[in-house]
Amino acid sequence: MNSPTEESFHLWMEKPAPRYTSYPTAPFFHDGINESHYTATLSKIEVNEPVSLYYHIPFCAEMCLFCGCHTYITNREDRIRDYVDAIIREMEIVAGCVPQKLRMSHLHFGGGTPNAMSALIMQHLFQAMHRVFDFSACREFAMEIDPRTLNQEQIKVMVDYGVTRVSLGVQDFNHEVQKLVNRVQPYDQVAQVCDWLRSAGLKRINFDLMYGLPAQTEESVGITARQAAGLAPDRFALFSYAHVPHMRPHQKALNDKGIAGDKERLLMERAARDVLSAAGYEAVGMDHFAKPDDGLAIAQRSGAMRRNFQGYTDDHALTMIALGASSIGFNKDGFVQNQKETRAYQKSIADNQLPIVRGYHLTEEDRVRSAIIEQLMCCFSCDIEKVAAQYGWKADAFASEFESLKAFEEASLIVRDGYQIKLTSPYRQAIRSVASMFDAHAPRGNAIYSRVA
């Protein structure tokens, strides 16, 4: 079998494709799903069924120019407190729609910057959270953290209320890169935060790194990866910068700063990947790395890893309650999304209404395609016949998809044995393009998605 060559790059590297944290992806949600649909679904949650919980805190002290998240820039504590009060009320409304106190198995705070909340506001929310939901069997409580603004008072509250894992937004340690993207945080500052967390007993630490930023080079990305590995976090997420100024206007400030080309990005990714592998981290999925004894690495080896809006996970809950503006939850019927704008979100809550504005109801075809795509994204292989049979489908229903994959096979990006396909390319990101062949919703190469590299 031949190895993939540069001639095969046009099949995947130059094509926009989803990251498939859901199927269908969020652009295909619609406004035909509303509060009444959601409350009907909530009422069907079974007694003692494990449920996941996500809180979106959309505030940051300043704008990082690479950011692709739905955020607001503020330092006003009263604005953050009013928003948190709305989340507490949303929790109470949700709790009133279910037949019993929900038992949470996983809990995740994202943003934005969850530690935009002061220690007092954080404690206020955590107290309400424990009053409304049951966390006695919660396996993980994770928070995304900006190390520039974290303080020891916040860490004490986090430990007191059961946080078990934090994810630090590191991105890059090169000062020139940090200045260009408006996120200056010296290595020593991140190292100090790691010491604070570990001294307080919070030892499960993740780092987010990013490649493809202005002024980065293959060498500089490798240096950052070595520095980061020296701080010994449990996991890494290694993300490609998605330059989408048509969707995130603040990114226009980077247009003339020297955005890396696709092939340069591959070299950067490979430099970081080689460093992390040499440091003893296992590659997990297409863009994560974990210590061999970490739960995510164990889940991958056992075939139990999943993919959802938090990326790769060992969370198997069938329902995720999502709270806060723009947050997306899922359940056995499909997906629901809240109002995106904080003021509209808070007004709905003030009117005692759940702020659902769009979503998606899964069809049987969606379910089988979702299962195929998730297995490809998690395992880099899939027995289409076996997966389809679990949903009462025949593999020949995907004849056109297999036809589309012939070019991938001829380029040695995949191998096929009957209805089984497996990625053979060393470029794991190519799995996004392979998975997109089974996407019945998104036009292939649709510019609403970031490019694969």
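Student: Before we start, how are residues numbered here, and what is left out of the side-chain values?
Tutor: Residues are numbered from 1 along each chain as its sequence is written, and side-chain values use heavy atoms, leaving out hydrogens and water. This is a predicted model, where local features need pLDDT of at least 70 and side-chain atom pairs count only at pLDDT 80 or more, while totals for chains, interfaces and linings use all residues.

Student: Okay, helix 10 then. Which residues are buried there?
Tutor: Helix 10 covers residues 342-350, and T342, Y345, S348 and I349 are buried in it. Buried means under 20% relative accessible area, exposed means over 50%, and partly exposed is in between (1.4 Å probe, protein chains only). Helices (H or I, at least four residues) and strands (E, at least two) are DSSP runs, numbered from the N terminus.

Student: Why do they line one face of the helix?
Tutor: Seen down the axis of helix 10, the buried residues fall within an arc of 125 degrees, so they line one face. The arc is that of the directions from the helix axis to the C-beta atoms. As background, an α-helix has 3.6 residues a turn, so residues three or four places apart point the same way.

Student: And what's on the other side of helix 10?
Tutor: R343, K347 and A350 are there, and they are exposed.

Student: What covers the buried ones?
Tutor: The cover includes strand 2 (59-60), strand 3 (72-73), helix 2 (77-95) and strand 15 (334-338). After helix 10 comes N352, with a positive phi near 60 degrees.

Student: Switching to helix pairs. At what angle do helix 2 and helix 3 pack?
Tutor: Helix 2 and helix 3 pack at about 5 degrees, with their axes 10 Å apart. That makes helix 2 roughly parallel to helix 3. Axes are lines fitted to C-alpha atoms, for helices over the stretch in contact, and angles run from 0 to 180 degrees between N-to-C directions. Angles under 35 degrees count as roughly parallel, over 145 as roughly antiparallel, 65 to 115 as roughly perpendicular and the rest as oblique.

Student: Which residues in helix 2 and helix 3 meet?
Tutor: On the helix 2 side, they include I80, V84, I87 and M91, and on the helix 3 side, I121, L125 and A128 are among them. Contact means heavy atoms within 4.5 Å. The residues of this contact divide into 11 nonpolar, 1 polar and 5 charged. Ala, Val, Leu, Ile, Met, Phe, Trp, Tyr, Cys and Pro count as nonpolar, Asp, Glu, Lys and Arg as charged, and the others, Gly among them, as polar.

Student: How far apart are the axes of helix 3 and helix 4?
Tutor: Helix 3 (residues 119-132) and helix 4 (residues 152-160) have axes 9 Å apart and pack at about 15 degrees, so they too are roughly parallel to each other. A119, M122, Q123 and F126 in helix 3 meet E153, Q154, V157 and M158 in helix 4. That contact has 5 nonpolar, 2 polar and 1 charged residues.

Student: What about helix 7 and helix 8, at what angle do they cross?
Tutor: Helix 7 (residues 218-230) and helix 8 (residues 262-278) cross at roughly 25 degrees, and their axes come within 8 Å. They are therefore roughly parallel to each other. Residues that meet include V221 and A225 from helix 7, and L267 and A271 from helix 8. By class, the contact divides into 9 nonpolar, 1 polar and 2 charged residues.

Student: Now loops. Where is K257?
Tutor: K257 is in the loop between strand 8 (235-240) and helix 8. At a relative accessible area of 39%, K257 is partly exposed. Leaving aside neighbours within four places in sequence, K257 is in contact with L180, P214 and A215. K257 and L180 are 77 residues apart in sequence, but 7.8 Å apart in space, C-alpha to C-alpha.

Student: You mentioned A215. What's its phi?
Tutor: Phi of A215 is near 75 degrees, which is positive in a residue other than glycine. A215 sits in the loop between strand 7 (204-211) and helix 7, and counts as partly exposed at 28% relative accessibility. A232 has a positive phi too, about 55 degrees, although it is not a glycine. A232 is in the loop between helix 7 and strand 8.

Student: Last one: which peptide bonds are cis?
Tutor: Among them are the bond from Y23 to P24, with omega near -5 degrees, and the bond from G111 to G112, with omega near 10 degrees. P24 is in the segment before helix 1 (35-42), while G112 is in the loop between strand 4 (103-111) and helix 3.
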